Amino acid sequence: MTEWRASGALARALLVSGVGLALALALGRPVAVVLVAPLVVLGAAGLLNKPRERPLVLPGTTYPVLHEGQGTTSRLEIQPADETEFVTRVAAQAEHVALRPVTGAIGHLVDRPRPLYISPRRWGQRRIGEEKVALFSRWAGYRWGPVAFVGREVSVLPTTAAYDATAAAPQPIGLIGAHRSGREGDGTEFSSVRAYHSGDRMRRINWRISLRTGSLHVVSTRSEEDTALLLIVDALADYGVSKGIDGDESSLDVAMRATTAIAEQYIRQGDRVSLRVVSTGGEHVGYGSGTRHLRRILGQMAHTRPGFPHDVEVEHIDFRTVAGTMVVVLSPMLSDGMATLAVRLLRRGLPVIVVDTLPEDAAPSVSTETDPEIASFAWRMRLIERRHVLERLAAAGCPVVPWHGPRTLEEVVRRLALRAQLPRAGAR
């Protein structure tokens, strides 16, 4: 363990004081004593205030869970604090973590602490840079440290961009909710005016039409139901360069922030949402609703690491969906397995939407040993293959839309809802 040691200031004060007193005695010059008197006082004060106990330093953060762009303070608890007068702290820079002051270096008196502000700029598990701490006793006579502390880990959730969707779900399947059902029932959405039948409620009678026609007519409405939404996030790889919430986005940045916006909207209107991340960890959250369920989804997304699953092929993943579930696949569609997966769900009769998360300026990272021209040519060929895959998905009845903000799915969901209401030809 680190002990209190004499500081450089104390050593210099004692050294200069000793030399000055020696010269005064050797040369018979009392003026030398006057000159070194302040240093003698400083050295004596430092020696008299030598700390007797070894300090206990406990670093921490005010909030261990944040959203992108939010900030917290790095705090420091010192026990005991009565023998310490001054504190210096230097925090190292970490990827996607902003510091204030920008240098990460601060100094303050123990009884007048200055905060070190930390703001993660990208989702995920962010580790704050290593921090070095040094303590000084009264009169700066003794120093403890500097001691390096491993950076704390902060869980950073994707930022939210909530919106109010107006499009109804294509196939609502629940009992109650905010989506217009395909069947008539108690609700607020107008369906038609029809002749009165036994069992109709009196408050539904339209007296104006009944008086004009001479027979009772009632207003029928459509019932309102909730829906089940499955969000599938392609985290097999991350394409493009991420500069955090303030800069360029990678494909995973787009996917995570889009998933957050969609999940928050549907959960907020009472629907049941499930998450499945196709990655090494295979993060999964079952169907549920409510604020607590949304926090579980965001928490799983923050732990996502790109990579291929170890236990199953991508196209063979079982999502255990039920009839009527709306599926949103968020993917750059650079993996054949993800395209196969989307077609398999589509053939089960589920409404499937593919959200294209590949940034327009995305390019693969290549080693210095690879010829840039060959890498560029291979990337262009891969983009051509990707375009053909997206065209085949659209031709199969799976809408493909690039993510342009929270209202990206509005028109697509509306068209799917209208298509679900069309009559289907029955098999003979």
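This is a short chat about how to read a few features of a predicted model.

Colleague: Where do I start? How many helices and strands does the chain have?

Modeller: Start with a count of the elements. Here you'll find 8 helices and 20 strands.

Colleague: Okay, let's zoom in on helix 1. What span does helix 1 reach from its first C-alpha to its last?

Modeller: The idea is to set the span against what you'd expect at 1.5 Å a residue. Helix 1 takes in residues 8-27, 20 residues in total, and it reaches 28 Å, close to the expected 28 Å.

Colleague: Which residues of helix 1 are buried?

Modeller: To call a residue buried, you want its relative accessible area under 20%. In helix 1 that goes for L10, A13, S17, G20 and A24. They sit on the same side of the helix because they cover an arc of only 105° around its axis.

Colleague: What do those buried residues pack against?

Modeller: Three elements: strand 1 (4-6), helix 2 (31-48) and strand 11 (142-149). Now turn to the other side of helix 1, where R12, L15, A26 and L27 are exposed.

Colleague: Which residues make the nonpolar surface patch?

Modeller: L15, V16, V19, L23 and L27 make it, and the patch is about 470 Å². Have a look at L23, which lies in helix 1. L23 is partly exposed, with a relative accessible area of 43%.

Colleague: What happens just after helix 1?

Modeller: Check the backbone angles there. G28 takes a positive phi, about 65°.

Colleague: Which residues is T357 in contact with, leaving aside its neighbours within four places in sequence?

Modeller: Those are S251, V254, A255, L330, S331 and P332.

Colleague: Last one: how much accessible surface does the chain have?

Modeller: About 23000 Å², and 56% of that belongs to carbon and sulfur atoms.

Definitions and conventions. Residues numbered from 1 in each chain as written. Predicted model: local features only at pLDDT ≥ 70, side-chain atom pairs only at ≥ 80, totals over all residues. Heavy atoms only, no water. Helix = DSSP H or I, 4+ residues; strand = E, 2+ residues; numbered from the N terminus. Expected span 1.5 Å × (residues − 1). Buried < 20%, exposed > 50% of the residue type's maximum accessible area, 1.4 Å probe, protein only. Arc of directions from axis to C-beta. Contact = heavy atoms within 4.5 Å. Patch = residues over 30% accessible without salt bridge, like charges linked within 9 Å, V, L, I, M, F, W, Y side chains within 5 Å. Areas by Shrake-Rupley, 256 points an atom, 1.4 Å probe, with all protein chains shown as cover. Salt bridge = Lys/Arg side-chain N within 4 Å of Asp/Glu carboxyl O.
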